[in-house]
Amino acid sequence: MKKQLFILSFIFSACTTGVELESVDYTTLFTDSNSKVWIVNKMLLQDANIAPIKNEGKDILIFHHNGHCDLIAMKDLTLKPVRKGSFTLDSKKRLMSIIFDDSKHWNFEIPYITEDSVLLNATKKSDIPYSIQIKPFPEL
């Protein structure tokens, strides 16, 4: 019996030897292959959430498939121009960088991605001191 288990485990392990796994490309997650609107659900500074409680006061981030992104407070959507920038995403290292037209750099590590949210932890090189949790824009 032990001999059979050894042989089976050898066969199954031999089937995967040398197979390289491809890393997941998260670009589609952020852009939906076109553009996708995210709400900044939480702004985490140490252990405190400093984001507004009501959705009307929260910011939204729009990631476009061409690498552009827009940031605006939801309450300002039709009143003010959006803050424009561009983003790069390294899916393998789970890093994101957003560079705004005013030369502000937001650099993030992506510690988790769930079905309803993404956490972006600010790195030491980032021009913002807090991390953000984004969620897909809610149904109205």
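Visitor: How do E1 and E9 pair, and over how many bridges?
Guide: E1 and E9 are antiparallel, with 6 bridges between them. Two strands count as paired if DSSP finds at least two bridges between them. Strands (E, at least two residues) and helices (H or I, at least four) are DSSP runs, numbered from the N terminus. The model is a predicted one, where local features need pLDDT of at least 70 and side-chain atom pairs count only at pLDDT 80 or more, while totals for chains, interfaces and linings use all residues. Residues are numbered from 1 along each chain as its sequence is written, and side-chain values use heavy atoms, with hydrogens and water left out.

Visitor: Which residue stands opposite Ser131 in E9?
Guide: That residue is Leu44. Ser131 belongs to strand E9, which covers residues 131-136.

Visitor: And E8, how does it run relative to E9?
Guide: E8 and E9 run antiparallel and are joined by 3 bridges. Val118 is opposite Ile134 of E9.

Visitor: Back to Ser131: buried or exposed?
Guide: Ser131 has a relative accessible area of 12%, so it is buried. Buried means under 20% relative accessible area, exposed means over 50%, and partly exposed lies in between (1.4 Å probe, protein chains only).

Visitor: What does the side chain of Ser131 make a polar contact with?
Guide: The partner is the side chain of Asn121, at 3.1 Å. A polar contact is a pair of N or O atoms within 3.5 Å; within protein, one must be able to donate a hydrogen and the other to accept it, and residues adjacent in sequence count only if both atoms are side-chain atoms. A polar atom of the Ser131 side chain also lies 3.2 Å from the backbone nitrogen of Ala122. With neighbours within four places in sequence left aside, Ser131 is in contact (heavy atoms within 4.5 Å) with residues including Lys42, Met43 and Leu120.

Visitor: New topic. Which residues touch the most other members of the largest nonpolar core?
Guide: They are Phe30, Phe63, Met96, Ile98, Ile132 and Ile134, in a core of 24 residues. Strands that each supply at least two residues of this core include E1 (35-45), E5 (83-90), E7 (105-113) and E9. A nonpolar core is a set of buried Ala, Val, Leu, Ile, Met, Phe, Trp, Tyr and Cys residues joined through side-chain atoms within 4.5 Å.

Visitor: How many aromatic pairs are there?
Guide: The count is 5 aromatic pairs. Rings of Phe, Tyr and Trp (its six-membered ring) pair if their centres lie within 6.5 Å; planes under 30 degrees apart count as stacked, over 60 as edge-to-face and the rest as tilted.

Visitor: Why is the pair of Phe30 and Phe63 edge-to-face?
Guide: The ring planes of Phe30 and Phe63 are at 75 degrees, with the centres 5.5 Å apart, so the pair is edge-to-face. This pair links distant parts of the chain, since Phe30 is in helix H2 (residues 27-31) and Phe63 is in strand E3, 33 residues apart. Phe30 is buried, with a relative accessible area of 0%, and Phe63 is buried with a value of 0%.

Visitor: Which residues form one aromatic cluster with Phe30?
Guide: Trp38, Phe63 and Phe87 form that cluster with Phe30.
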